[in-house]
Amino acid sequence: KPAPEAYLTVSRLLEVQPQECLFFDDEMACVEGARTVGMRAYLVDRHRNEHAIAEGIVCDLTAVTQMLA
């Protein structure tokens with residue numbers, strides 16, 4: 001990480017397309033690397049009190065249930 005090939009390797013190993021993946025990280029460089037290959041990537045900012053999913057920011061992983069609903 002954050003090299004795009006790392007994310008492509010993971011999606012190949014999982015046998016899914018990058019667009020089918022949700023990726024979360026607390027480092028923007030890693031989030032941008034995942035976005036580069038087409039993953040839905042979100043910055044985890046634990047200092048926030050609420051999610052800003054449309055902006056690509058979550059405060060914790062409870063956002064996953066909102067995204068999959």
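**Strand β2 and its surroundings**

Phe23 has Ala41 of strand β2 as its bridge partner. This is a predicted model, in which local features need pLDDT of at least 70 and side-chain atom pairs count only at pLDDT 80 or more, while totals for chains, interfaces and linings use all residues. Residues are numbered from 1 along each chain as its sequence is written, and side-chain values use heavy atoms, with hydrogens and water left out.

**Strand pairing**
- Strand β1 (residues 22-25) runs parallel to β2, and 4 bridges join them; strands are DSSP runs (E, at least two residues), as are helices (H or I, at least four), numbered from the N terminus.
- Strand β3 (residues 57-58) is also parallel to β2 and is joined to it by 2 bridges; two strands pair if DSSP finds at least two bridges between them.
- Leu43 stands opposite Ile57 of β3.

- A right-handed β-α-β unit is formed by β1, helix α2 (residues 28-36) and β2; right-handed means that, with the strands pointing away from the viewer, the path from the first strand over the helix to the second runs clockwise.

**Burial and cores**
- In β2 (residues 40-44), 4 of the 5 residues are buried, meaning under 20% relative accessible area with a 1.4 Å probe, protein chains only.
- The largest nonpolar core has 12 residues, including Phe23, Ala41, Leu43 and Ile57; such a core is a set of buried Ala, Val, Leu, Ile, Met, Phe, Trp, Tyr and Cys residues joined through side-chain atoms within 4.5 Å.
- Helix α2 provides the largest share of this core, 3 residues.
- Another core, of 5 residues, lies apart from it and includes Tyr42 and Val58.

Terms used:
Buried < 20%, exposed > 50% of the residue type's maximum accessible area, 1.4 Å probe, protein only.
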